[in-house]
Amino acid sequence: MTTINVKTTHSNQMIDITADVRKAIRDSDTSDGLCIVYTPHTTAAITINENADPDVVTDMIDGLNSLGFKNLSFRHMEGNSESHLKSSLIGCSEQVIIESGSPVLGTWQGIYFCEFDGPRTRKVFIKII
Ligand code: ZN
């Protein structure tokens with residue numbers, strides 16, 4: 001398993017980790033298989049989406065913020081229930097098919113680490129099967 005550390009700088013942020021995933025696959029010498037990208041945090045997530053236009057991730061964060069979670073009254077004492085909700089909504093992992101030593105991604109797809117309670121230093125685990 002490969003561990004990467006992601007340092008976030010904002011409360012809500014999406015960071016493209018596609019290059020790290022490609023490197024982990026390359027380093028594993030796996031030609032065909034499956035790659036699992038997983039983050040062990042309850043206020044972060046992993047997703048795959050467009051990496052061509054940087055406005056897309058900004059719009060995604062704005063869209064999540066507009067869902068109105070912040071206006072709900074929560075019981076959780078830590079005060080970050082909105083972050084927990086966003087984490088479960090997006091999900092903490094993605095699977096990518098490996099073919100000919102590369103992740104099978106669409107032309108405009110990138111793999112993102114999503115921060116919902118930053119800034120923090122986070123971990124992402126990459127497991128090649
Ligand atoms: Zn919490």
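Student: Which residues form the negative surface patch?

Tutor: Asp53, Asp55, Asp59 and Asp62 form the patch. Keep in mind that this is a predicted model. Asp59, one of the four, sits in helix α2, which covers residues 55-65.

Student: What makes that patch negative?

Tutor: Its members are Asp53, Asp55, Asp59 and Asp62, and Asp counts as negative. Like charges are joined within 9 Å, so these four aspartates are grouped as one negative patch.

Student: There's a nonpolar patch too. Which residues make it?

Tutor: Leu72, Phe74 and Leu85 do, over about 250 Å². Leu72 belongs to the loop between α2 and α3.

Student: Why is leucine 72 called partly exposed?

Tutor: Leucine 72 has a relative accessibility of 47%.

Student: On to lysine 86. Is it buried or exposed, and how do you know?

Tutor: Buried: its relative accessibility is 1%, and buried means under 20%. Lysine 86 lies in helix α3, residues 81-90. Leaving out residues up to four places away in sequence, lysine 86 touches Asn12, Leu64, Asn65, Phe69 and Phe116.

Student: Which other residues of α3 are buried?

Tutor: Besides Lys86, Ser81, Glu82, Ser83 and Ser87 are buried in α3. The buried residues of this helix pack against β4 (44-50) and α2. Just after α3 comes glycine 91, with a positive phi of about 100°.

Student: What makes glutamate 82 and lysine 70 a salt bridge?

Tutor: Their side chains meet at 3.2 Å, N to O. The cut-off is 4 Å, so the pair qualifies. Glutamate 82 lies in helix α3 and lysine 70 in the loop between α2 and α3, so this pair ties together parts that are 12 residues apart in sequence.

Student: How are the two partners labelled, buried or exposed?

Tutor: Glutamate 82, at 13% relative accessible area, is buried, while lysine 70, at 65%, is exposed. The limits are under 20% for buried and over 50% for exposed. And Lys86 comes back here: Lys70, Glu82 and Lys86 are linked in a network of salt bridges.

Student: How many salt bridges does the structure hold?

Tutor: Five. One of them joins aspartate 27 and lysine 23 at 2.7 Å, N to O. Both residues lie in helix α1, four residues apart, about one turn of the helix.

Student: Why does aspartate 27 count as exposed?

Tutor: Its relative accessibility is 53%, and exposed means over 50%. Lysine 23 has 43%, so it ends up as partly exposed.

Student: And what do you make of arginine 122 and glutamate 115?

Tutor: Their side chains meet in a salt bridge too, at 2.6 Å, N to O. Both arginine 122 and glutamate 115 are buried.

Key
Residues numbered from 1 in each chain as written. Predicted model: local features only at pLDDT ≥ 70, side-chain atom pairs only at ≥ 80, totals over all residues. Heavy atoms only, no water. Patch = residues over 30% accessible without salt bridge, like charges linked within 9 Å, V, L, I, M, F, W, Y side chains within 5 Å. Areas by Shrake-Rupley, 256 points an atom, 1.4 Å probe, with all protein chains shown as cover. Charge placed at Lys NZ, Arg CZ, Asp CG, Glu CD. Helix = DSSP H or I, 4+ residues; strand = E, 2+ residues; numbered from the N terminus. Buried < 20%, exposed > 50% of the residue type's maximum accessible area, 1.4 Å probe, protein only. Contact = heavy atoms within 4.5 Å.
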